Amino acid sequence: MKLTILGGGGFRVPLVYGALLTDRAEGRVTEVVLHDLDDSRLYAVARVLDEQAVGVPDAPKVTATTDLDEALRGADFIFSAIRVGGLEGRAHDERVALAEGVLGQETVGAGGIAYGLRTVPVAVDIARRVARLAPDAWLINFTNPAGLVTEAMSRHLGDRVIGICDSPVGLGRRIARVLGANPREAWIDYVGLNHLGWVRGLRVAGRDELPRLLADPDLLGSFEEGKLFGVDWLRSLGAIPNEYLHYYYFNREAVRAYQQAEKTRGAFLADQQARFYEEMKRPDAAALTAWDRTRAEREATYMSENRETAGAGERDADDLSGGYEKVALALMRAIARDERTTLILNVRNQGTLAVLDADAVIEVPCLVDANGAHPVAVAPLPDHATGLVCSVKAVEREVLAAAESGSRATAVKAFALHPLVDSVNVARRLVEGYTDVHPGLAYLD
Ligand code: G6P
Ligand code: MN
């Protein structure tokens, strides 16, 4: 079986390869094709994969190419993990927004819109090529903003594109852990959009255990979301929000902390990764060791400003490895071998949330089998959550419309309608600021 990784020179590719190395079963991936625009990044990552494969019999064979069509032909699965504009682009997304006094973050608010506007045209081009060159392949989208990008691709690939994110999995795992439940035996009642969802219940043996957690302040304050959002707010909500909702519920504090930070997250990662890729050019570099050190530092500092404003302290050691590669592997196995499982994924709504149309991509538990991912029925969201989900979906639709038409006015509308952008004038200046710094937005006029 052949797996093609787009963004194959990306820093997190070794996580995926590491997961593949643990898979010894019949029907596993035997061939990995890395595609990237940048040769030196491919070379760096291939060195890490080489070292990972040492001593592993029948490790999947790795090849690398900068030719997209060649990478796609004959693929059974395609992982898309690209970053249009690179981490420098991410740093610009953050800085332009923060200079306007609104949130500058990879996926949420103005920064997420800018990233979406740059990424959607590229993702659509990929989707079209996949439809033509590898129509039987399944495309697993990691590329952020994952919900929006998956929806853009689904217009060309239908349900053959599935978006993944590890944050709902991490959230479910943490809640199960504090409740003393085995995550494998728990049913997590989660729904929303990517980076905008809520856990409303966690059932074990048919019993909802979440009320027990909400009733116990010590337990509730003992894990990441309890520390981030505070016990009182979680009890008011009666649900546990995805960590990215911190940017909504504590927006002012998050914006201030991000403005005051020495470097934005994007700038920090840009520097960190530049050092890593530089080091990989040295023939004597210990690739896997350097990669692992860099990864550990990245994970330890994830959302550190948010945690600081909340007084949440360091991340729990158990939370450090997100498990993104495990979701990807589980999804691939379920489809390729009809190993039925349930995973929280980004798929077309198909009536799951009655307030959204059938084609809106949402994040929801899905039954996965050889026929793909099937969203399960869930209870409706409360009004406050429905309000946010509908506003943000409306913004995503404007982003998709702007990317399709090239209309600057539509791009302004996308920013202006976002609940975290507080003036149409700010939206106008954001579009100006972003088009000034991003060559990838030259299509807007
Ligand atoms: C979480 C999010 C991902 C994001 C990742 C890394 O897992 O769900 O969407 O890519 O964190 O964030 P970072 O700030 O380290 O790039
Ligand atoms: Mn994510």
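**Figure 1. Aspartate 39 in the predicted model.** Aspartate 39 is exposed, as its relative accessible area is 55%; buried means under 20% relative accessible area, exposed over 50%, and partly exposed in between, with a 1.4 Å probe and protein chains only. The model is predicted: local features need pLDDT of at least 70 and side-chain atom pairs pLDDT 80 or more, whereas totals for chains, interfaces and linings use all residues. Residues are numbered from 1 along each chain as its sequence is written, chains are lettered from A and ligands numbered from 1 in the order in which they are written, and side-chain values use heavy atoms, with hydrogens and water left out. Aspartate 39 belongs to helix H2 (residues 39-52); helices (H or I, at least four residues) and strands (E, at least two) are DSSP runs, numbered from the N terminus. Its C-alpha atom is separated by 7.9 Å from that of glycine 9, 30 residues apart along the chain.

**Figure 2. The surroundings of ligand 1.** Twelve positions are labelled in the shell: Arg12, Arg90, Asn144, Cys165, Asp166, Ser167, His195, Tyr244, Arg265, Leu269, Arg298 and Tyr302 surround ligand 1, where a residue is near a molecule if one of its heavy atoms lies within 4 Å of it. The shell comprises four nonpolar, three polar and five charged residues; Ala, Val, Leu, Ile, Met, Phe, Trp, Tyr, Cys and Pro count as nonpolar, Asp, Glu, Lys and Arg as charged, and the others, Gly among them, as polar. Domain 1 (2-163) and domain 3 (252-310) each contribute at least three residues to this shell, the bounds coming from an automatic or database domain assignment.

Figure 3. Polar side chains at ligand 1. Oxygen atoms of ligand 1 lie 2.8 Å from a side-chain N or O atom of arginine 12, 2.9 Å from one of asparagine 144 and 2.5 Å from a polar side-chain atom of aspartate 166. Aromatic pairs. The model holds ten aromatic pairs; rings of Phe, Tyr and Trp (its six-membered ring) pair if their centres lie within 6.5 Å, with planes under 30 degrees apart counted as stacked, over 60 as edge-to-face and the rest as tilted. Tyrosine 244 and tyrosine 247 form a tilted pair, 5.9 Å centre to centre with 50° between the planes. Tyrosine 244 is buried at 5% relative accessible area, and tyrosine 247 is buried at 1%. Phenylalanine 415 and tyrosine 434 are stacked, with 5.7 Å between centres and 20° between planes. This pair links helix H19 (residues 408-417) to helix H20 (residues 424-437), its members being 19 residues apart.

**Figure 4. Glutamine 272 and its polar partner.** Glutamine 272, in helix H14 (residues 265-279), is buried at 2% relative accessibility. Its side chain makes a polar contact of 2.8 Å with the side chain of glutamate 297. A polar contact is a pair of N or O atoms within 3.5 Å; within protein, one must be able to donate a hydrogen and the other to accept it, and residues adjacent in sequence count only if both atoms are side-chain atoms.

Figure 5. The peptide bond from asparagine 144 to proline 145 is cis, with omega near -10°. Histidine 195 has a positive phi of about 60° although it is not a glycine, and is buried at 5% relative accessibility.
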